[in-house]
Every structure is written in C-alpha cells, then in structure tokens.
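Have your viewer ready and your selection tool at hand. We will go from stop to stop, with a short note on what to find at each one.

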There are 2 protein chains.
Amino acid sequence: MKIPTALRAVLCASTLSLSLPAAAAPVQGTGVAWEIVEGLTTEIGPRPAGSQAEDRARDWGAQKLTALGFRNVRVEEFKTLGWQRGPESAKLTAPYPQPLAITALGFSVPTPKGGLKAELVYFPTLAALEAAPAGSLKGRVAFIDHAMRAAQDGSGYGPYGDVRRKGPTVASRKGAAGVVIRSAGTDSHRNPHTGVTIFAKDVKPIPAGAVSNPDADLIARTAARGQPLAIDLTLMGKPFPDATSGNVIADLPGRDPSLPIIVLACHLDSWDLATGAVDDASGCGIITAAALAAQEGGQPLRTIRVLWSGNEETGIAGGGGDDYAKRHGSEPHALAMESDFGADKVWQVRFSHAPQDKGLADRVRAALWPMGIVPHEGKADGGADVEAIIAAQNLAVIDLGQDGTHYFDLHHTPDDTLDKVDPAALQQNVDAWAAVLKVVANEAAPIGKVQRAD
Amino acid sequence: MKIPTALRAVLCASTLSLSLPAAAAPVQGTGVAWEIVEGLTTEIGPRPAGSQAEDRARDWGAQKLTALGFRNVRVEEFKTLGWQRGPESAKLTAPYPQPLAITALGFSVPTPKGGLKAELVYFPTLAALEAAPAGSLKGRVAFIDHAMRAAQDGSGYGPYGDVRRKGPTVASRKGAAGVVIRSAGTDSHRNPHTGVTIFAKDVKPIPAGAVSNPDADLIARTAARGQPLAIDLTLMGKPFPDATSGNVIADLPGRDPSLPIIVLACHLDSWDLATGAVDDASGCGIITAAALAAQEGGQPLRTIRVLWSGNEETGIAGGGGDDYAKRHGSEPHALAMESDFGADKVWQVRFSHAPQDKGLADRVRAALWPMGIVPHEGKADGGADVEAIIAAQNLAVIDLGQDGTHYFDLHHTPDDTLDKVDPAALQQNVDAWAAVLKVVANEAAPIGKVQRAD
C-alpha cells in the first residue's frame with residue numbers, strides 16, 4: 001500500500017513539527033525479577049550452551065547474585081557436547097518454486113556441500129512415517145506434519161514435540177537423506193522453532209530442520225495437489241565436543257544450616273535464535289526474586305539455594321542438572337522446585353510429597369488459595385534442572401504450573417524476546433513462589449522422602 | 001523445556017497408535033476470492049516487481065480470468081526500475097554483542113564489501129534526526145525510532161511510515177553512511193517490515209534497513225544505558241534498471257458498451273519476503289469475485305473492468321497504475337475503486353462524487369447499510385493503481401475501507417501468508433463490493449466528473 005492522498009496532509013504537518021512525542025518506551029517493569037530478565041536479554045542476549053555468551057552470562061549472573069546479597073556464589077563449569085548453528089536455507093523447487101523459512105534442529109548434521117536436492121515426501125503424522133516401509137525413503141527427504149494446538153497446561157508438547165525428538169530417528173531408519181518437520185509450535189509466524197532432536201545410537205544422524213507453521217501449511221497445500229514435491233535444503237549446523245558450560249549457584253543461608261535445603265532452579269542458557277526472555281531468563285528472575293522475598297518476614301529456617309543451570313537446552317548428553325547432582329548429591333536437600341515454562345501467571349499447583357507431609361501440602365495450598373491458584377492432581381516432577389537431584393535424593397517437589405497457552409507460540413523461536421514478558425504476570429509468579437517458600441523454608445519438621453514408581 | 005515425566009506416558013501411547021488423526025487442515029475457504037488468494041500464494045508465492053515470479057503470476061492471472069469467463073483478457077507489459085534483495089544481516093557490536101533481525105528497504109544501495117562497521121546513533125523520532133546538525137553523522141549510521149500504534153483506519157502509516165519513506169534521505173543529508181529504522185509496523189515479531197524508501201534526487205543513496213520491533217526495543221534499551229553503540233551492517237540489495245513488469249486486464253462487458261466503464265484495481269506484485277496473501281492477493285480475489293457476483297441479478301448496464309496491476313510496491317518510478325492510464329486514458333471511465341488494504345472486513349465507505357450524484361451516493365450507502373458499513377466523511381482516492389486514471393479523467397471514486405487494526409502487523413513482512421486470511425472476512429468484502437457494483441454498474445444516468453483541489 002502506498003500512502004493515500006488523504007494522509008499526505010497529516011504527514012506534511014507532522015514532519016514540519018518538532019514537537020512530536022518521543023518514541024513510546026517499551027513496556028517496563030520493576031523489581032528483581034524484571035531486572036534479571038531485562039539485564040540478561042539486553043546485556044547478554046542469546047546464550048546457547050557452550051558459547052562465549054553463555055560464559056558471559058555466568059559472570060553476569062554471579063555478579064548479580066552477589067550484588068543481591070546471596071552467599072556462596074560460585075560458578076561450576078562442566079564439559080558437554082555442544083551444537084553450533086551454521087548457514088541454513090530451504091526452498092521448494094517443485095511443483096512450484098517457493099522459499100521456506102527453516103531452522104536446523106539441535107544435533108542436526110550438515111547437508112552436503114551445495115545443498116541437499118531431493119524429493120520431499122509428505123507424511124501427515126509421525127505414525128504415518130513409522131508405517132512407511134524400511135528403505136522406502138532412500139535418498140529422499142521426509143516431511144512430517146502434525147496438528148499441535150495450544151493448551152493451558154502445555155500438554156500438546158508431549159505427543160507433538162515428539163515429531164521433533166523422535167521423527168529424525170524414524171526418518172533415518174527408513175533411509176531418508178534428511179528430514180523436515182512442522183515446527184513444534186502453536187503460532188502462525190514465519191519463525192520456525194528449533195530444539196534438540198535425539199538420534200538413537202543405532203541410526204545415522206541426518207540433517208534435520210523445522211519450517212514455520214505457515215510454511216508447513218504451504219507444503220501441506222502443495223502436497224494435496226498430488227504432484228511430486230522437491231526441496232533444496234541447506235542446514236550446516238553440527239555438534240562439537242568438549243564445549244564448556246556451567247552452573248551458577250548461590251545460597252540464602254537459613255537460621256538452621258543443619259537442616260536439608262530447598263533448591264530452586266532455572267536455566268541460564270537459551271537457544272541461539274533469540275534472547276531467551278521467557279525460556280528461561282524469566283525463570284531465573286522468578287526464583288531469585290522469590291528467594292529474596294521469602295526473607296521479608298524474617299530469615300527462614302532452612303537455606304534456600306538458587307541454581308541457574310547451564311546447558312538445559314542441549315543437555316541430553318549432560319546438562320547443568322546432572323552436573324549439579326554429581327557435585328552436590330551428598331549435601332542434604334529437602335525439596336526442589338523449578339521455573340522453566342515462561343512468564344505467564346501461575347494457575348495451578350502440584351505437590352509430590354511423602355504421605356506424612358499432607359499437612360505441609362495443605363498449608364502450601366492454603367497459601368496459594370487467595371491468589372487463585374488451583375490444586376491439581378498428578379505428580380510434580382520439577383524439570384530437567386532438578387530431575388537428577390530429585391532422583392538421587394527422592395526429594396519432595398512442588399510444581400507451580402504457569403499458563404502455557406501462549407508459551408509454544410514463542411518457545412525456541414526468534415520471538416522469545418523481552419517484549420513478550422508482562423511485568424505484572426512475572427511479579428505474580430514471584431509472589432506465588434514467595435508464598436510457597438515462606439511455608440516450606442520455615443518447616444521445622446523433617447520433609448519426607450518421596451518414593452517414586454519409575 | 002524438556003518433556004516432563006508426566007507426559008511420557010501420553011507420548012509413548014501416541015506413538016504406538018496408528019489411529020492418530022491426520023494433521024489438522026489449514027483454514028480453508030470457498031469461492032472465487034479464496035481460490036485466487038489460495039492459488040497465487042500456493043502456486044506462485046512471492047512475486048516482486050520485475051521478477052520471473054511476477055511474470056508467472058501474470059500468466060496465472062490471465063488463465064484464471066479467462067477460465068472465470070472474463071473477456072478481453074490481456075497482459076500489458078511495461079519497463080520499470082526494479083530492486084533486488086541481496087544477503088542481509090546486522091549485529092550490534094557495542095556495548096553488547098547482539099544479532100539483529102533486519103531487512104533492507106526497497107531502493108537501498110549495498111553496504112561496502114565486508115560490511116559497514118560504524119557507530120550507531122539513536123534518534124527517538126524523525127524530527128530529532130532532522131534537527132541534527134548538517135554533517136554530524138559523517139561515517140556513522142543513524143537509527144530512527146518511532147511510536148507507530150495500530151489504528152482501525154490505518155492512519156498511523158502516514159506519519160510513522162514516513163520514517164521509512166523520508167528517513168534515509170534525511171540521514172544522507174546529515175552525512176550518514178547508512179540508516180536503520182524501527183519497522184513501520186505494529187507487531188512484536190522478529191520479522192522486519194520492508195517497503196520502499198524514496199531518495200530525493202539531490203542526495204546520495206545509502207544502505208537502508210529496518211529492524212523488527214523487538215530489535216528496535218533492544219536498541220532503545222541499550223541506547224538508554226548511555227554508552228556508545230556500534231553496528232556491523234550488511235545489506236546487499238540494489239536497484240536494477242529495465243525490469244519487466246506488467247498489468248493483467250480483463251472485462252465483463254455491460255449491456256451498453258458505449259457507457260463509460262467501472263474500473264476495479266488490485267495489485268498482482270508482492271514484496272519478496274512472503275507470498276503476499278493480504279498485500280494484495282486478497283485485493284485481486286475481492287475485486288474479481290465481486291465483479292462476477294455483480295452479474296448475478298442479470299448483466300449490468302456498464303462494463304466492469306478488473307486491473308491486476310504490476311509493480312505497485314516499487315512503482316515510484318512508474319508502476320502499473322501509470323502504465324494503465326497511459327494506455328487506456330482515452331477510453332471513457334466513469335468510476336474507479338481499489339482494494340489494497342488486506343483481507344479484514346469492510347467497516348466504512350467514502351465516496352468522492354460530483355454534486356449532482358448525491359442520489360447515487362445515497363443509494364450506494366443504503367446498499368451497504370444492512371452490512372454494518374458506516375458512511376464516513378473525507379475524500380475517496382482509490383490508491384496507487386488507480387490514482388493516475390482518476391487524475392487523468394477526474395473520476396468518481398468509492399473507497400470501501402477495511403479494518404486495518406492488524407494490517408500493519410503483517411504488511412511487508414515474511415508473515416503475509418494465507419493463514420492470515422479469514423475466509424469469512426474475505427467473503428464479506430466480496431459481498432460489500434458486489435452490493436456497490438450492482439448500484440453503480442447499473443446507473444444509466446451519466447456519472448459526473450469530480451473536480452479536485454490538489
């Protein structure tokens with residue numbers, strides 16, 4: 001659209017004026033949680049595991065935690081398998097030439113020099129690909145579609161995210177030279193969602209990428225016309241060994257240092273495509289601000305520890321949670337919590353506890369009741385950054401479930417930026433976490449071990 | 001986020017099942033307008049002026065219009081100044097290293113080999129840049145911020161779009177080596193908005209790009225910290241002469257071929273970043289379907305012509321509207337209309353007519369009244385594809401104003417794809433246009449010339 005004549009007068013008037021308002025400031029928040037999210041996204045930016053930026057983020061985090069009054073602030077580095085993105089592009093070449101918005105999945109291997117030019121075979125589901133005869137995709141590229149939709153509890157990410165986690169392995173088993181998936185995401189923007197894929201040990205890793213939802217729609221519409229599809233695919237990302245990652249750990253000592261501690265986790269690394277505002281700078285902001293807020297009524301009985309974990313995103317071969325459990329597995333822990341599901345409001349709580357801790361659980365639920373947070377059945381399991389220590393010590397766990405309706409619009413995309421964080425929702429998280437901590441960190445009675453079936 | 005343990009059971013169950021539903025089909029519409037939008041976006045895709053894709057789109061359009069029963073279907077080629085995108089990237093290098101999502105503006109010239117590395121100077125408004133001393137930006141890159149917000153009538157695009165249209169010229173006058181603007185858009189995605197800039201004849205063209213709104217927020221936050229900013233900028237796009245564009249024109253002859261005709265316009269070209277679903281395949285779908293729908297009560301008195309114009313987007317040096325007026329300026333026209341503001345519903349109507357046509361205008365308004373379309377004051381001026389023929393023949397004009405609240409979320413971005421078109425809203429446009437055409441194309445009395453002040 002060109003500028004309509006009717007607007008030209010407005011335009012001429014405005015350019016003559018020097019009294020235009022200054023540009024509207026972006027949304028601004030206040031408080032410790034916001035400071036951390038704003039700082040990490042502005043001063044560090046993308047911080048993929050094993051990168052110099054993740055290293056800078058550790059220094060930034062240690063300084064910040066020290067400045068906030070935490071004790072025993074330390075950086076604990078570890079080695080891991082890294083993955084480095086390279087140049088990436090794709091286009092349909094038949095039946096109609098169309099550029100595609102694509103991004104490589106973590107642990108994809110590179111396409112051949114000059115690109116991979118091959119037939120693209122459409123599968124509406126992962127199950128359809130699994131049903132394809134062995135060897136039937138030799139020299140071809142598989143496209144895997146799916147139908148993920150938004151859900152408040154994020155439950156679509158289990159089955160539909162599996163297209164990303166397992167699809168490339170299945171495609172490789174069928175002989176495919178490469179694989180492209182519909183992004184495991186719920187938005188409609190030309191920003192594909194990255195994330196790790198996990199090649200089984202018995203298959204050859206192949207180039208693996210995700211296209212955005214609008215591009216997947218285009219592929220589906222084109223496939224529906226019944227003519228063969230062809231793709232020209234370039235994905236140059238590759239794994240690299242001996243990457244340095246690390247955790248940042250800090251304590252707010254309790255009145256009784258002999259009591260088992262409360263550990264709160266987030267992850268400091270982000271995907272490389274964005275500044276990781278919701279995944280997971282927000283988590284680090286929330287747990288840190290909440291730990292401090294729990295001091296407000298007086299020093300709690302138990303020590304509260306924050307773990308800003310390294311390499312959560314590509315940590316399948318050893319992430320910050322594993323390293324933490326290795327180093328700190330002999331220190332007595334009582335309970336673990338993790339924040340790694342964005343910055344929207346907490347709406348539900350789950351609590352895995354020993355049978356004798358029902359009273360404690362009731363007091364936690366009562367503390368959340370005035371905030372509109374609903375108790376839910378089902379196991380609380382923390383997440384990747386605490387699962388190793390939970391398993392090692394059979395810890396009690398509280399999950400404060402955030403509203404995930406929009407989380408998979410942003411997750412692992414270039415759109416995970418500060419403007420997506422609502423300062424009021426972020427603060428609601430802090431308030432909910434602080435309410436829980438005031439109960440559990442002041443629990444004088446032993447907090448029981450939780451025996452799990454799996 | 002890794003997959004929570006609680007979801008693993010779901011996940012294992014689903015991958016064992018072969019009875020998963022097929023992937024949800026993308027939104028599907030029906031009817032001529034939808035067929036055109038779906039077809040152009042699927043079978044042609046991006047079709048920038050002067051490209052082979054725009055040429056294919058002309059063939060596609062001529063075939064489609066012939067198949068729909070239009071007469072005198074012809075392609076009229078013309079030469080124009082083209083612009084070709086090249087590789088493009090940008091990063092802040094100081095005070096914090098941060099990649100930026102950037103795209104070149106149309107008629108940008110290339111950065112030097114190896115990129116332009118320079119200080120980045122922040123200006124909150126175009127007026128602030130205009131107030132900078134002459135020569136003060138020598139060797140530097142200007143960043144121009146602004147505060148465009150969504151408006152139903154799209155009126156923000158006048159003053160704020162000016163940052164794109166005029167900003168680069170102003171920056172060049174101050175000696176800048178390059179210019180980066182906040183996209184003229186209202187979304188919050190990492191998809192910058194392209195669009196032409198217009199270098200005044202007395203200034204040296206410089207590399208000019210737009211960053212996405214989240215990236216502009218980042219630059220603003222960084223600038224607010226008070227340290228000098230630096231950028232590393234690569235924008236390799238450049239103009240090219242003697243590009244071939246062209247119009248597709250087709251008629252539905254009226255019962256009285258001697259009466260001046262009604263001309264309806266859209267544009268066939270799109271920006272290169274997306275498939276141009278809302279800008280402006282939808283316009284072509286709307287006018288074409290409406291022209292056909294106007295036949296439903298019987299052949300109208302006057303001939304209705306559709307003009308699918310070439311090179312609207314970069315047509316400042318001669319677009320389809322100019323070529324149409326040159327070739328067809330001697331054929332009598334009665335009234336012009338254009339659809340080039342997306343695919344959302346029509347909510348207002350404006351009518352520029354001769355004083356003696358008040359009765360006709362009242363009948364048009366009455367036809368729209370049951371559809372909730374409100375008469376508005378103010379001049380109707382069509383748009384770029386009809387402005388030359390309107391000026392040449394002093395034509396009456398009807399503007400059916402679409403809801404533009406979300407138009408500048410998508411405008412000139414990679415996100416302008418089919419999924420953004422609501423088939424029901426598209427059909428509402430067709431119905432509104434057809435209601436108007438049934439009145440004006442059956443007007444036996446002369447439709448008066450409109451004398452304009454400018």
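Predicted model: local features only at pLDDT ≥ 70, side-chain atom pairs only at ≥ 80, totals over all residues.

Start by selecting Tyr407(B): at 4% relative accessibility, this residue counts as buried (buried means under 20% relative accessible area, exposed over 50%, and partly exposed in between, with a 1.4 Å probe and protein chains only).

Residues are numbered from 1 along each chain as its sequence is written, chains are lettered from A and ligands numbered from 1 in the order in which they are written, and side-chain values use heavy atoms, with hydrogens and water left out.

**Aromatic pairs**

How many aromatic pairs does the structure hold over all chains? There are 12. A pair of aromatic rings is described by the distance of the centres and the angle of the planes. Here, rings of Phe, Tyr and Trp (its six-membered ring) pair if their centres lie within 6.5 Å; planes under 30 degrees apart count as stacked, over 60 as edge-to-face and the rest as tilted.

Select Trp83(B) and Trp271(B). Their ring centres are 6.4 Å apart and their planes stand at 70°, so this pair is edge-to-face. Trp83(B) sits in strand S1 (residues 71-84) of chain B, and Trp271(B) in the loop between strand S11 (261-267) and helix H7 (277-293) of chain B, so the pair ties together parts that are 188 residues apart in sequence. Helices (H or I, at least four residues) and strands (E, at least two) are DSSP runs, numbered from the N terminus. Both Trp83(B) and Trp271(B) are buried.

Now return to Phe341(B) and Tyr407(B), which form a tilted aromatic pair: 4.5 Å centre to centre, with 50° between the planes. Phe341(B) belongs to the loop between strand S13 (333-338) and strand S14 (346-352) of chain B, and Tyr407(B) to helix H11 (residues 407-410) of chain B, so this pair ties together parts that are 66 residues apart in sequence.

Over in chain A, select Tyr157(A), Phe341(A), Tyr407(A) and Phe408(A): they form one aromatic cluster.

**Around Gln402(B)**

Next, click on Gln402(B) in strand S16 (residues 396-402) of chain B. Gln402(B) is buried, with a relative accessible area of 4%. Not counting residues up to four places away in sequence, Gln402(B) touches several residues, among them Gln152(B), Ile286(B), Phe341(B), Trp347(B) and Asn429(B) (contact means heavy atoms within 4.5 Å).

**Where two chains meet**

Show helix H2 (residues 32-44) of chain A together with helix H6 (residues 213-224) of chain B; their axes come within 10 Å and cross at roughly 95°. That makes H2(A) roughly perpendicular to H6(B). Axes are lines fitted to C-alpha atoms, for helices over the stretch in contact, and angles run from 0 to 180 degrees between N-to-C directions; angles under 35 degrees count as roughly parallel, over 145 as roughly antiparallel, 65 to 115 as roughly perpendicular and the rest as oblique.

Which residues make the contact? Glu38(A), Thr41(A) and Thr42(A) come from H2(A), and Leu218(B), Arg221(B) and Thr222(B) from H6(B). While you are in helix H2 of chain A, look at Trp34(A) too; Trp34(A) is buried, with a relative accessible area of 3%.

**Backbone details**

Most residues other than glycine have a negative phi, and most peptide bonds are trans. Zoom in on Asp279(A) and Asp280(A), which are joined by a cis peptide bond with omega at about 15°. Asp280(A) lies in helix H7 (residues 277-293) of chain A. In chain B, a cis peptide bond joins Asp279(B) and Asp280(B), with omega about 15°.

Then select Asn311(A), whose phi is near 45°, a positive value in a residue other than glycine. Asn311(A) is in the loop between strand S12 (304-309) and helix H8 (320-328) of chain A and is buried, with a relative accessible area of 0%. Asn394(A) also has a positive phi, near 50°, and is partly exposed, with a relative accessible area of 27%.

**Last stop: confidence**

Finally, colour chain A by pLDDT, the predictor's confidence in each residue, from 0 to 100. The mean for chain A is 93, and 94% of its residues reach 70 or more. Over residues 1-24 of chain A, pLDDT stays under 50.
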